[in-house]
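Let's take a friendly walk around this model. Please have the sequence and the 3D view open side by side.

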Amino acid sequence: VLTVPLGITGEIALLPKTGTSDFSVNTLSLAAKWTATELFFSDLPLSLATKLSYTSTSVDFNQTIPGPPSTLVAYKYTGKETAISLLASKNLAIFEPFVGIGYVSATGDLSATSPMAFNPSFTTAGSADAKRSGTMWQVGTEIKLLVVKLGVEYTNMFDTSRISGKLSVYF
């Protein structure tokens with residue numbers, strides 16, 4: 001997380017390719033946030049911001065499908081998500097709780113080296129993909145300790161709940 005003048009903040013989260021020859025995962029998340037109340041409407045009791053984000057994930061894994069003959073299948077999943085959200089927060093000394101609402105769009109593609117990997121009533125090809133979009137909402141807080149920020153966030157999108165944590169350094 002890096003905040004510069006004019007209320008602009010950038011975030012980068014990276015999980016480099018990690019795993020084994022049978023399973024690997026990597027993720028890259030980028031976000032840019034503009035806090036409008038740092039330039040305008042500074043008399044408001046809340047901070048108001050807009051955040052754009054992008055996430056890309058890749059997962060590779062192998063699975064043996066039993067049966068005569070047993071078949072080793074290599075799978076590859078790739079997913080991308082973009083979102084825009086409006087956030088409101090209140091700085092309470094070391095705590096800063098926030099809420100947000102936004103719009104998210106996601107795509108996912110799963111491919112396999114054998115068409116046997118998928119139920120034939122679903123697809124006869126060696127891959128399947130999906131696209132989805134909808135509203136999202138989130139609530140969380142940051143705790144500011146000297147030069148370290150700890151954060152926790154609950155997000156709900158696509159009827160799925162997610163809790164995440166964040167550790168950042170600030171000056």
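What follows covers the basis of the model, its aromatic pairs and one serine.

## About the model

This is a predicted model, in which local features need pLDDT of at least 70, side-chain atom pairs count only at pLDDT 80 or more, and totals for chains, interfaces and linings use all residues. Residues are numbered from 1 along each chain as its sequence is written, and side-chain values use heavy atoms, with hydrogens and water left out.

## Aromatic pairs

Rings of Phe, Tyr and Trp (its six-membered ring) pair if their centres lie within 6.5 Å; planes under 30 degrees apart are stacked, over 60 edge-to-face and the rest tilted. The count by this rule is three aromatic pairs. One of them is the stacked pair of F61 and Y75, at 4.7 Å centre to centre with 15° between the planes. Because F61 lies in strand β4 (residues 47–65) and Y75 in strand β5 (residues 71–89), the pair ties together parts that are 14 residues apart in sequence. Strands here are DSSP runs (E, at least two residues), numbered from the N terminus.

Y75 is buried at 8% relative accessible area, and F61 is partly exposed at 27%. Buried means under 20%, exposed over 50%, and partly exposed in between (1.4 Å probe, protein chains only).

## A serine in strand β3

S29 sits in strand β3 (residues 23–35). Its side chain makes a polar contact with the side chain of T55 at 3.1 Å. Such a contact is a pair of N or O atoms within 3.5 Å; within protein, one must be able to donate a hydrogen and the other to accept it, and residues adjacent in sequence count only if both atoms are side-chain atoms.

Notes:
Helix = DSSP H or I, 4+ residues; strand = E, 2+ residues; numbered from the N terminus.
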